[in-house]
Amino acid sequence: SSTSPHNLPFPPGFQIKSQQSEVTRILDGKNIKYELVDISQDNALREEMRAKAGNPKAIPPQIVNGDQYCGDYELFVEAVEQNTLQEFLKLA
C-alpha cells in the first residue's frame, strides 16, 4: 500500500517552515512588505502570538498586521485562492 505524502514523518518544525516559506514566497511575489517574527526562542513572543490569535495552542505561521490579527496559514491560502489577500491582510 502506498502512503500519501501527508503521512510521511516530517522532522519537528518542518511543516511550519514549509508553510512559512510559502507565505513569504507569495508575499514577495506580490511585493507586500512583511516582518518575520521568530517566536521559537522567546516565550513572551509566543504568548503574544497566541493572545492575538485568541488560541492558546496556535502554532506559526500566524499572520498579523500591526495589532490586528489576520489569520492562520489555512485562512491565508484561502484568501490567496479567492483573490481576497488584500482584505485578509487588512490592507484594503
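This is a predicted model: local features need pLDDT of at least 70, side-chain atom pairs count only at pLDDT 80 or more; totals for chains, interfaces and linings use all residues.

Me: Why is Gln62 called buried?

Reply: Buried means under 20% relative accessible area. Gln62 has 18%, so the label applies. Gln62 lies in strand 1 and touches Met49, Ala53, Tyr69, Gly71 and Asp72, leaving aside residues up to four places away in sequence.

Me: What makes the pairing of Gln62 and Tyr69 a polar contact?

Reply: The limit is 3.5 Å between N or O atoms, one able to donate a hydrogen and the other to accept it. The side chains of Gln62 and Tyr69 are joined at 2.4 Å, so the pair is within that limit. The side chain of Gln62 also reaches the backbone oxygen of Ile59, at 2.8 Å.

Me: How do you know that the buried residues of helix 2 line one face?

Reply: The buried residues there are Met49, Arg50 and Ala53. Viewed down the axis of helix 2, they fall within an arc of 95°, and therefore line one face. The face turned away from the buried side carries Ala44 and Ala51, which are exposed. Strand 1 and strand 2 are among what covers the buried residues.

Me: Which elements supply at least two residues each to the lining of the largest pocket?

Reply: Helix 1, helix 2 and strand 1 do. The pocket has a volume of about 990 Å³ and is lined by 32 residues; Gln62 is one of those nearest its centre.

Conventions. Residues are numbered from 1 along each chain as its sequence is written. Side-chain values use heavy atoms; hydrogens and water are left out. On a 1 Å grid over the protein atoms alone, a cavity is a set of points where a 1.4 Å probe fits but cannot get out, and a pocket is an open set with protein on both sides within 12 Å along at least five of seven lines; lining residues have an atom within 4 Å of a point. Grid points are joined across faces, edges and corners, and a volume is the space filled by probe spheres set on the points. Helices (H or I, at least four residues) and strands (E, at least two) are DSSP runs, numbered from the N terminus. Buried means under 20% relative accessible area, exposed over 50%, partly exposed in between (1.4 Å probe, protein chains only). Contact means heavy atoms within 4.5 Å. The arc is that of the directions from the helix axis to the C-beta atoms.
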